[in-house]
Amino acid sequence: MIKFEFVGLRYGVGPEVLSDINFTLEPGSFHFLTGASGAGKSSLLSLMYLGRKPTRGLVSMFGQSINTLERKQLWSLRQRIGVVFQEFRLLPHLSAFDNVALPLRIMGRPEKETRNNVNELLEWVGLGDYKNALPQTLSGGQQQRVAIARAVIGRPKLLLADEPTGNLDDEIGFRLMNLFEQLNRMGTTIVIATHNQSIMDQFGHSRLILEMGNLRVEESRSSLRRKIEGVY
Amino acid sequence: MRIFGKDRKLGVAINRGRYDLPLNKDEGTNFLRLLIALMSFLAAMALTGSFALDAMTQRWSSGLENKLTIEIPAEMKDGTLRAPADIQTLARQVEAVLRNEPAVKSVEILDDADIQELVEPWLGKDAPLSDIPLPGLISVELNQSTPEDMAKLTNDIGIIDPEIVIDTHEAWLQSLLRMISSLRFAAFVVVTIIAATTITAIAGAIRSRIAVHKADVELLHLMGANDEYIIRQFQRHALMIALQGSLLGTLAAIVVLLTVKYATGENAATLLPTFNVHIVHGAAVAALPLMACLIAALTARFTVLRSLSLMP
């Protein structure tokens, strides 16, 4: 699904914010991306959602090498990725409905299907009554749910979320994590950048730990168990 | 459903006629619309002026083709004045020679009333012609003006009196046509400058809108929107502004031109060409809004495309 080999990233002529990043994410896997503030989580996510190209190293997404693909070939790859941005990045002049519908419209899905799916998802995230509300009239938690709904509406193959439960109370946070689990069970690869230790402990997926621009992979108990069962 | 489908193709957020990007709410939209209106107005005026010059050229050229005027000067080279009776006699002799020439189609000696009419614009209606030494004028129309015919006519008339002048109008007509040609070139330059200004203004406006909505454009890009999807929004926006502005400007120009036509009425009819709207000219002016839309859409397209190409 995703393969990073000796990937480095620097902004302009500054120092490398990511150095020699090596990891592979299998299709249908679930990972937490964690690390101290400024460790490079958002930079690594931006490489994964094809928001920028690495300064060095090789990146492979969905079996294709990003380094050699043309701009036009990246469009369809991006449509397979759902992103929940830390600052939500909702379009302020569009209603919650239109914000969530955006990925489907970009993909050119039929409007009837779009309406049904968006209405269903907004109901599910508890925003059925706020379909026509503009983002600035919603609370932080509601905006975040709109952002999450927008990220998952297109059934992405890869879902990247930057602190998705940061503004939510525990109950909603738990429900959303269950949504991610559900998506994961349907085959979506999930990477969630978070500081939330309790969620990481509770869901027990493998961790990509960023420290000073370097990445360390900590396997989950379940994946270790799977590996051991595979050996014996 | 079809409306939704159409809207989606235009990159508009479903049935509310919204853009994914709020371009129609941006500051400067009215200014751009007004600028395009003014440019269209000027283009329509320049175009109409060019057509009027065309008409003028045609009228003067066709009016004087195969025609010449023979003048028997009232004052001889030695300074003495000819008696009106002598002028009449010479005129009759010239007329007699001309009538025997096969190249000549018609001959007419202008009488005092004709001459009065000719000098009326300069001397007024009640000018005392009897006090002014007037030349004898003979208007001649040829079947076909060949150099050989002209040489024979000049020779025959020179025998009657070498001081008789044959005016083929060629000299002043040529200078007039040169001047008109210069004016038409100036009109072309004006239209070109107008088009260039419009392109620059639209490109600048689109660039500023891209800068204002950079984060939103990036977001659409990150969601997998292809260049065409994003371009369509800017293109449609520019096209709508250009359509509104150019229609306004062109209509204003038509109103002004019709007002000028009715205000001048018959007064200018003798000197200026008749301002009749030819179907081709009308179509050219009517096509101005379409041209403005085309310029706006293409300018927006290439400006946005250039900005998008800088994104990964």
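These legends go with a set of close-up views of a predicted two-chain model.

The model is predicted, so to speak of local features we ask for pLDDT of at least 70 and count side-chain atom pairs only at pLDDT 80 or more, while totals for chains, interfaces and linings use all residues. Residues are numbered from 1 along each chain as its sequence is written, chains are lettered from A and ligands numbered from 1 in the order in which they are written, and side-chain values use heavy atoms, with hydrogens and water left out.

**View 1. Chain B as a whole.** Chain B has 10 helices and 6 strands, taken as DSSP runs numbered from the N terminus (helices: H or I, at least four residues; strands: E, at least two). It runs to 312 residues, and 39% of them count as buried; buried means under 20% relative accessible area, exposed over 50%, and partly exposed in between (1.4 Å probe, protein chains only). Take the contacts (heavy atoms within 4.5 Å) in chain B between residues at least 6 apart in sequence: 82% of them join residues at least 24 apart. The chain exposes about 17,600 Å², with carbon and sulfur atoms supplying 63% of it; accessible areas come from the Shrake-Rupley method with a 1.4 Å probe, and for residues only the protein chains shown count as cover.

**View 2. Where chain A meets chain B.** Chain A puts 30 residues into the contact and chain B puts in 29. About 2,700 Å² is buried between them, 61% of it from carbon and sulfur atoms; this is the accessible area (1.4 Å probe) that two parts lose on being put together, summed over both. There are 2 salt bridges between the chains, a salt bridge being a side-chain nitrogen of Lys or Arg within 4 Å of a carboxyl oxygen of Asp or Glu. A:Arg89 and B:Glu218 meet in a salt bridge, at 3.9 Å from N to O.

**View 3. Helix H7 of chain B and its neighbours.** H7 (residues 214-222) and H8 (residues 227-264) of chain B pack at about 145°, axes 10 Å apart; axes are lines fitted to C-alpha atoms, for helices over the stretch in contact, and angles run from 0 to 180 degrees between N-to-C directions. H7(B) brings B:Val217, B:Leu220 and B:His221 to this contact, and H8(B) brings B:Ile230, B:Gln233 and B:Phe234. The buried residues of H7(B) include B:Asp216 and B:Leu219, and the buried set packs against H2 (71-79), H3 and H5 (140-152) of chain A as well as H8 and H10 of chain B. Just after H7(B) comes B:Gly224, with a positive phi of about 100°.

**View 4. Two buried side chains in chain B.** B:Arg209 sits in helix H6 (residues 170-212) and counts as buried because its relative accessibility is 3%. Beyond its neighbours within four places in sequence, B:Arg209 touches B:Leu23, B:Asp26, B:Glu27, B:Gly28, B:Thr29, B:Phe234 and B:His237. B:Thr303, in helix H10 (residues 288-308), is buried too, at 8%.

**View 5. Positive phi in chain A.** A:Asp20 is not a glycine, yet its phi is positive, about 45°. It lies in strand E2 (residues 16-25) and is partly exposed at 40% relative accessibility. A:Phe88, also not a glycine, has a positive phi of about 70°. Its place is the loop between strand E6 (81-84) and helix H3 (96-107) of chain A, and at 9% relative accessibility A:Phe88 is buried.
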